[in-house]
Amino acid sequence: MIDLERAEKVFEDYSNNYDRNNLMMERKIEHTYRVKDNSNIIARSLNLIEEETNLATLIGLLHDIGRFEQQRLAHGYNDLKTGIDHAKMGVKVLFDDKKILDFLPDTRKYDKIIQIAIENHNKFKIEENLSEEEIKFCKIIRDADKLDILEIFVTNSEDIEAIGKNNGYALSKDITEEFLDALFRGKQIDRKYQNYFLDWYLNTLTFLFDINYPKSFEIIKNKKYVDGTLDRIENLVPEDKEIFEKIRAYMNKYVTDRL
Ligand SMILES: [Fe+2]
């Protein structure tokens, strides 16, 4: 049986082993709790049975557990720059180091699905040849995670420049052409084709092209994530206002079309 209360207590204890005075670390912990709640909201919108809803919620709680070791070992959160895939690191912590036994002591039947969902949560695409059940949990965590990344961009706007810098992107008005082309074709583009601060920042909006569930689009619309994301960047890089307005019109139509 999945005991979410226990799992949350174990997560708190695990977090306390790391430097919680580090602001970036604390933000990742807050992100985790919001993703857990998003996962629960999406799962409930799908009318899953209680145990499945709890499983989706547990995956939300565990999805970024690799961030702690990533920060400890490489002092950063950019997977490319630290050379650590934080999803793979999470799988290592839970299943190679057997931390999963603390979170879920007496149920092994969910191990495979938890592993697959965590491993796929940060990938460009969900891996091939998964079962329908596995794909469902991958989609829930991917939606839940993306919703909170949008939330962070909109609500923590004063720190966007600092967050960009922390991810290795210094503020500038440049945008990679291939990135913009992909955006206006409704396609996500791999991080490796992104060179500039604005590629990194606007990439968050292209997450919408990979959102799966109506509940997620409803949240995106109600919380005005498209407008919020673009309003802040317009103030920060006023030179590119015209491009931002084109993106705003395109993205808002994309969301409305999916409601
Ligand atoms: Fe993550």
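In this predicted model, D64 is buried, as is H121, where buried denotes under 20% relative accessible area, against over 50% for exposed and values in between for partly exposed, with a 1.4 Å probe and protein chains only. Because the model is predicted, local features need pLDDT of at least 70 and side-chain atom pairs count only at pLDDT 80 or more, whereas totals for chains, interfaces and linings use all residues. Residues are numbered from 1 along each chain as its sequence is written, and side-chain values use heavy atoms, with hydrogens and water left out.

The iron ion is coordinated by D64 through OD and by H86 and H121 through NE2, at 2.0 to 2.2 Å; donors are N, O and S atoms within 2.8 Å of the metal (3.2 Å for Na, K and Ca), and sites may look incomplete, since water is not among the atoms. Along the chain, these donors follow the spacing D-x21-H-x34-H. D64 lies in the loop between α3 and α4, and H121 in the loop between α8 and α9 (132-155), so the pair ties together parts that are 57 residues apart in sequence. Helices (H or I, at least four residues) and strands (E, at least two) are DSSP runs, numbered from the N terminus.

Helix α6, which spans residues 86-96, is mostly covered, with eight of its 11 residues buried; H86 is among these buried residues, together with A87, M89, G90, V91, V93, L94 and F95. The elements that cover them include α1 (4-15), α3 (50-62), α4 (66-74), α5 (79-82), α7 (100-103) and α8 (111-120). Just after α6, K98 takes a positive phi of about 65°.

Helices α4 and α6 pack at an angle of about 110°, with their axes 7 Å apart, the axes being lines fitted to C-alpha atoms, for helices over the stretch in contact, and the angles running from 0 to 180 degrees between N-to-C directions. The two helices are therefore roughly perpendicular, given that angles of 65 to 115 degrees count as such, under 35 as roughly parallel, over 145 as roughly antiparallel and the rest as oblique. In this packing, G66, R67, E69, Q70 and L73 of α4 meet H86, M89, G90 and V93 of α6, contact meaning heavy atoms within 4.5 Å.

Elsewhere, the axes of α12 (residues 197-206) and α14 (residues 225-236) come within 10 Å and cross at roughly 165°, and the two helices are therefore roughly antiparallel to each other.
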